Amino acid sequence: MNQEAITTALELPHMRITRNLGIVRGITVRSRSVLGNIGASIQSLFGGNITLFTELCEHARQEAFNIMVQHAEAVGANGIIELPISKIIP
């Protein structure tokens, strides 16, 4: 999928939305090894940014994003836009 067709905006400039294919999402759960957890514990003793956990979160975020794109492609999408939060009035 073209990365320029993925946005958190409600629309893509110069593109027309012709069909809504539903919600796509990506989720992943990652963990550190025992040695990684020990290293992060040592970092936490000194305070500040725990880079080992920051790196773990960044990898998880990127993996979840890639899974979301794969899900979108599997349902036939060629772009992803933000899902607006709407108030439904009965």
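What percentage of the 90 residues in the chain is buried? The share is 16%, where buried means under 20% relative accessible area, exposed means over 50% and partly exposed lies in between, with a 1.4 Å probe and protein chains only. Do keep in mind that this is a predicted model, in which local features need pLDDT of at least 70, side-chain atom pairs count only at pLDDT 80 or more, and totals for chains, interfaces and linings use all residues. Residues are numbered from 1 along each chain as its sequence is written, and side-chain values use heavy atoms, with hydrogens and water left out.

Let us start with the overall form. The chain holds 2 helices and 0 strands; helices (H or I, at least four residues) and strands (E, at least two) are DSSP runs, numbered from the N terminus. Along the principal axes, the C-alpha atoms fill a box of roughly 55 × 30 × 25 Å. The radius of gyration is 18 Å, while a compact globule of 90 residues would have one near 12 Å. This radius is taken over C-alpha atoms, and the globule rule is 2.2 Å times the number of residues to the power 0.38.

Now to the contacts, meaning heavy atoms within 4.5 Å. Of the contacts with a separation of 6 or more, 73% join residues 24 or more positions apart. With a relative accessible area of 34%, Leu21 is partly exposed.

Ile80 leads us inside. It belongs to the largest nonpolar core, whose 7 residues are Ile6, Val24, Met68, Val69, Ala72, Ala77 and Ile80. Such a core is a set of buried Ala, Val, Leu, Ile, Met, Phe, Trp, Tyr and Cys residues joined through side-chain atoms within 4.5 Å. Leaving aside neighbours within four places in sequence, Met68 is in contact with Val24, Arg25, Gly26 and Ile80.

Finally, have a look at His14, also in the segment before α1. Its phi is positive, about 65 degrees, although His14 is not a glycine. Most residues other than glycine have a negative phi. At 87% relative accessibility, His14 counts as exposed.
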